[in-house]
Amino acid sequence: MVFRPRTLTRVLHRPLPAPPQALRRGPFRAGRFTSPLHSEWVAARLGLWLGIAFGVCFLTGLYSHFLQNQPHWAAWFPSRPVSLYRVTQGLHVVTGLASIPLLLAKLWTVYPKFWEWPPARTLAHAVERGSLFLLVAGAGFQLLTGLLNISGWFAFKFFFTAAHYWTAYITIGAMLIHIGTKLTVARRALSTKEADADG
Amino acid sequence: MAEHVPVTPASGGLSRRGFLTTVGAAAGVVTLATAGATVGPLRRLSPLATRRATVGPQDLPVNKSGAAARVTETAVDPAYRLLVGAMSLSLFELQSLPQHDAVLPIACVEGWSAIGHWRGVRLRDLLDRAGIGRDRWVRVESLERAGLYRSSEVSPTYARDPLTLLALRLGGEPLALDHGYPCRLIAPNRPGVLQTKWVQRIVAT
């Protein structure tokens, strides 16, 4: 079979049949969420802060991982400055902890979108929403296990380091997809003054 | 959200800017309340810090005690010998080698850190005496029988750093058992879990 990007694009963007209107109840109703705080203007700013925090947290985490399991290709890792790891690991924990209130606020700001109608307009829309599950679950898992670990409360049965390391790739991957899909909206929202913001 | 909504709700709730400021302040408070575990001057502002940098034997925190590592007998055994490659040293012989000082932090993966004043034998001096080459990686092994961090790998960059010590003393006293008596690895820029305590054997890998 010959791979035809155009065919794929057409399939991904073909409109899906709309579900029956009778199912549009409760939180799915139009105008169900009225607070002006559920807005792109707020979400874009919280998203920017979270993106920076997660980026720093991911890079410092990778450094810590490869210091602890130093492969021979990383033999060039310097032993100076003496306090470098103090700073990078302090940043790792601080950015992770600061992300907890940021993530909670971000989720609250955008949660009306979980009841978007119709739930999936196209296949591409469905895939994008599915990847958000990975992002929310991954971010929640990282922040919770990290918090429990620094508190010395080993409430989980799995091995913390391995789980925290591999879930980081899933979370950052899902975050990059999220940034890609929201870039246009976020750039518009970030260049808008609060008083003009509509949504 | 297509329809226009007022920026400040009529009910007098939070404005968008007010909401952002509140969230930013919450993140700032979380940071200040915990960062004292590693940023000294913030210590008194950090009631939620997981560690106090000066609480512990010899004024330095400990994650794993000698009792938890089950070395309370082997570490103080008068027959203790340190093995470096094919070389074997008693504690007295180790104390008779040239001693050096290093002011280095213990920086834990959990985010806390604290400075210690260490004194002991340079790792590179021991490796030279044992005939272990300058380009070799070495493994430092503990008396601890089990445990994830009972040994650690040391790259040549770290092994040859003049600040990397097999420390015998901390703050002018012999190491406390919980800090790794009779001797422990202490190297610059290295996670605390790799600063192997109760060292028994050093081998080239």
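Trainee: Where in chain A does A:Pro81 lie?

Mentor: A:Pro81 lies in the loop between α2 and α3 of chain A, where helices (H or I, at least four residues) and strands (E, at least two) are DSSP runs numbered from the N terminus. This is a predicted model, in which local features need pLDDT of at least 70 and side-chain atom pairs count only at pLDDT 80 or more, while totals for chains, interfaces and linings use all residues. Residues are numbered from 1 along each chain as its sequence is written, and chains are lettered from A and ligands numbered from 1 in the order in which they are written.

Trainee: Which residues does the cis peptide bond with omega of about -5° join?

Mentor: That cis bond joins A:Arg80 and A:Pro81. In chain B, the peptide bond from B:Tyr181 to B:Pro182 is also cis, with omega near 5°, and B:Pro182 belongs to the loop between β8 (173-174) and β9 (184-186) of chain B.

Trainee: How many helices and strands does the secondary structure of chain A come to?

Mentor: Chain A comes to five helices and zero strands, and from the N terminus on its elements read α-α-α-α-α. Taken along the principal axes, the C-alpha atoms of chain A fill a box of roughly 60 × 50 × 40 Å.

Trainee: At what angle do α2(A) and α3(A) pack, and how far apart are their axes?

Mentor: Axes are lines fitted to C-alpha atoms, for helices over the stretch in contact, and angles run from 0 to 180 degrees between N-to-C directions. For α2(A) and α3(A) the angle is about 150°, with the axes 8 Å apart. The two helices are therefore roughly antiparallel to each other (under 35 degrees counts as roughly parallel, over 145 as roughly antiparallel, 65 to 115 as roughly perpendicular and the rest as oblique). The crossing of α2(A) past α3(A) is left-handed, a term used if the near helix is turned anticlockwise from the far one by less than a right angle, with right-handed used if clockwise. The residues of this contact divide into 18 nonpolar, eleven polar and one charged (Ala, Val, Leu, Ile, Met, Phe, Trp, Tyr, Cys and Pro count as nonpolar, Asp, Glu, Lys and Arg as charged, and the others, Gly among them, as polar).

Trainee: How do helix α2 (residues 40-68) and helix α5 (residues 160-190) of chain A pack?

Mentor: Helix α2(A) packs against α5(A) at an angle of about 150°, with their axes 10 Å apart, which means that α2(A) is roughly antiparallel to α5(A). This crossing is left-handed. Among the residues that meet are A:Trp41, A:Gly47, A:Phe54 and A:His65 in α2(A), and A:Tyr165, A:Met175 and A:Leu190 in α5(A), where contact requires that the C-beta atoms, placed from the backbone, lie within 7 Å. By class, the contact of α2(A) with α5(A) has 14 nonpolar, four polar and one charged residues.

Trainee: How many residues does the contact take from chain A and from chain B?

Mentor: The size of an interface is often given as the accessible area lost when the parts come together. Here the description is by residues, with 42 from chain A and 42 from chain B. On the side of chain A that touches chain B, α2, α3 (84-110) and α4 (123-150) each supply at least two residues, and the largest share, 14 residues, comes from α3(A). That side of chain A divides into 24 nonpolar, 13 polar and five charged residues.

Trainee: What does the domain assignment of chain B give?

Mentor: It gives domain 1 (1-35) and domain 2 (57-204), with bounds that come from an automatic or database assignment. The C-alpha centres of these two domains of chain B lie 50 Å apart. B:Gln58, in the loop between α1 (16-35) and β1 of chain B, has a positive phi of about 55° although it is not a glycine.

Trainee: In what order do the five strands of the open sheet in chain B stand?

Mentor: The order is β2-β1-β10-β5-β6, with mixed pairing; two strands pair if DSSP finds at least two bridges between them. Strands β2 (87-90) and β6 (151-154) of chain B stand at the edges with a single partner strand each, so one side of each is left without a neighbour in the sheet. Within the sheet, β1 (residues 81-84) and β10 (residues 199-204) of chain B pair in the parallel sense over two bridges, and B:Val84 stands opposite B:Ile202 in β10(B).

Trainee: How many bridges join β3 (residues 100-107) to β4 (residues 113-122) of chain B?

Mentor: Eight bridges join these strands, which run antiparallel, and B:Pro105 has B:Ile115 in β4(B) as its bridge partner. Strands β3(B) and β4(B) form a hairpin with five residues between them, and B:Gly111 in the turn has a positive phi of about 100°.

Notes
Two residues are in contact if their C-beta atoms, placed from the backbone, lie within 7 Å.
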